[in-house]
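Please keep the structure open while you read them.

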Amino acid sequence: MKRPAAAAAPDAGKQRRREDARLPVSTICGFLGAGKTTLLKHVLEARRADGGEFRCAVIVNDMAELNIDESLVRHSDLVQSDDVIAMDNGCVCCTLRSDLVEQIIGLAKQKKFDYMIVEASGVSEPAQMARVFAPCDKDHEHDEAHGERESLSDLARLDTCVTVVDAADFFNNLEAVARGPEKQSLPHLLVEQIEYANVVVLNKADLVSQLQLARVEDMVSGLNPRGKILTSRQSRIDALEVVNTGLYRTDDFASLHAQLKREEEQEEEETFELACCSANVAKGLAACCAVGSAPRVRDSGKSRVVLASSHASGFQRVRRKGQAARHASRFGIASFLYKARRPFHPERFDADLVRKFFLFHDDEDGEEEGDGDGAKPRGGRKTKREQERREKDREEKLRKRQEEASEKEPLRTERMGSLLRSKGFIWLANRHDFMGVYSSVGSVLTLSFPTRWNALEEKAYTGTPEEQAELRKHFVEVWGDRRQELVFIGKNLKHEAIQEVLDGCLLTDKEMSLGIDGWKATLGDIMLDAADEEDSGGEGE
């Protein structure tokens, strides 16, 4: 389902593409966990499946110090690893803005790419990103402002602004307006991301009813009447809807640019600073949370928590001129890393974290019902009744899941703070050889085990020095790269409490002493269990 864009003539985009030899760039924005990386991977998969030459450069930005999304794209074999650039621990719309310009210029000057896709962090503002593509002001001296560096607008053009929206969590995010402590709350960011888009993808349509999806589409249409609206499950859309469309025109967003300029003028002398920092500054000391000015690591003996330099958890914020990133100053969003080098106990991990605080979602849920595209049963009435029954069953299942998810939220917030997003790599004792990919958005959590750890990769031991260095960069004896490495993003996060919960899921010293064979004997092993099931099934035939 899609609503066509209310843009100019259908061939206007094609005409602009023929006349412009600069590298076309699509930006993918969207709130935390909306499905941006999934969309990026789908677009790359679709273009590769089309055959022919299509060389795409990819830039992946993450506000946290751990760039999970870049790792997933780099190791997906969808693009050459040299064509993927990671930009982490900041946002390309503010603190990493100049770095973004340099990266795009460098890639564009190589003249080997047909296209570029920039996946922004979940707190990026698309209007700020679009400004880096604007031509230089006529009123300034180019050489004085930029030196000998070529202007970005001479080498690349903004082609399509894409925003991915989590349809399942859309209204929950908007409701935060009422309880946001600042004028510019999270819904303010969500609205900005929708308004500044040529294409809006309403993702996770399978997690809402038809009526709920229609309400989301109506709201998005009201916010952005010019944009093209697509609906998707797992971010699957026609790649040509977001690649090389020629849809972007600065004039379409003139009113938004004017509004942002007014807001920036009002806030020019203000940014958030933590209350503890203000107290230190008043005493003539350095701001305690400035980069490098305070211990950022909390070691529990089992794990380490690494706080971001702009960490705002548990502190009252005050306004003062400073250097905070826009996501911290405007929305109060902070992050931290959890790291450990021992596996999770599978049962404790499931009971004390997954089932207690989240609603586990299997990506394969609902697949068996299909989308109505399969073979039609005989008899028109029977077909209609069957479709109605299936839709009724589906909506009842969704209602129960949504109720369960809403029950998890207050428990999770009380224990952890306002957790918006968490993601990373996990190591389970009963899946010793498989790297787990962990992802939560709101109350929904997903787990997958798509590949083995690099410790089992032959080239980590026999490859070239460069290959070995890349594959072994996370190695620590004796477990190789097996590890817990999770990033948590939110507001007023209780990092000590989260660390306590996760540490409780780790193997104890006594359990660690059992070793791999002991873990398999007492906790099971996914491969051995599967083999046993296959053997028992064969005997029963």
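The points below go from the basis of the model to its details.

1. Basis. This is a predicted model, where local features need pLDDT of at least 70, side-chain atom pairs count only at pLDDT 80 or more, and totals for chains, interfaces and linings use all residues. Residues are numbered from 1 along each chain as its sequence is written, and side-chain values use heavy atoms, with hydrogens and water left out.

2. Overall make-up. The protein has 21 helices and 18 strands. These are DSSP runs, numbered from the N terminus: helices are H or I with at least four residues, strands are E with at least two. Of its 541 residues, 48% count as buried. Buried means under 20% relative accessible area, exposed means over 50%, and partly exposed lies in between (1.4 Å probe, protein chains only). Take the contacts with a separation of 6 or more: residues 24 or more positions apart account for 78% of them. A contact means heavy atoms within 4.5 Å.

3. The eight-stranded sheet. This sheet is open, with mixed pairing, and its order is β10-β11-β13-β18-β15-β16-β17-β14. Strands pair if DSSP finds at least two bridges between them. β10 (297–299) and β14 (359–360) stand at the edges with a single partner strand each, so one side of each has no neighbour in the sheet. β14 is joined to β17 (residues 444–452) by two bridges, and the two strands run parallel. Phe360 stands opposite Leu445 in β17.

4. A helix across the sheet. Helix α18 (residues 495–505) lies across β10, β11 (303–307), β13 (334–340) and β18 (484–491). It runs at about 155° to β11. For such angles, axes are lines fitted to C-alpha atoms, for helices over the stretch in contact, and values run from 0 to 180 degrees between N-to-C directions.

5. Helix α20. Which residues of α20 (residues 515–523) are buried? They are Gly515, Gly518 and Trp519. The buried residues pack against α19 (509–513). Gly524 follows α20 and has a positive phi, near 85°.

6. Aromatic pairs. There are eleven in the structure. Rings of Phe, Tyr and Trp (its six-membered ring) pair if their centres lie within 6.5 Å; planes under 30 degrees apart count as stacked, over 60 as edge-to-face and the rest as tilted. The ring centres of Trp427 and Trp479 are 5.6 Å apart and their planes are at 55°, so this pair is tilted. Trp427 sits in the loop between β15 (418–426) and β16 (434–441), and Trp479 in the loop between α17 (465–471) and β18, so the pair ties together parts 52 residues apart in sequence. Both Trp427 and Trp479 are buried. Elsewhere, ring pairs link Tyr196, Tyr248 and Phe253 into a cluster.

7. Cysteines. How many disulfides are there? The count is zero, where a disulfide is a pair of cysteine sulfur atoms within 2.5 Å. For Cys29, the nearest cysteine sulfur is that of Cys161, 7.0 Å away. Cys29 is buried, at 0% relative accessible area. Cys56 is buried too, at 3%.

8. Backbone points to check by eye. The Glu477 to Val478 peptide bond is cis, with omega near 10°. Val478 lies in the loop between α17 and β18. Lys204 is not a glycine, yet its phi is positive, about 60°. Lys204 lies in the loop between β7 (199–203) and α10 (210–223) and is buried at 17% relative accessible area. Asn244 also has a positive phi, near 55°. Its loop runs between β8 (228–231) and α11 (254–267). Asn244 is partly exposed, at 31%.

9. Glu395. This residue is found in helix α15 (residues 380–416). Glu395 is partly exposed, at 30% relative accessibility. Leaving aside neighbours within four places in sequence, it contacts Ser209 and Gln210. Glu395 and Gln210 are 185 residues apart in sequence, but 8.4 Å apart in space, C-alpha to C-alpha.
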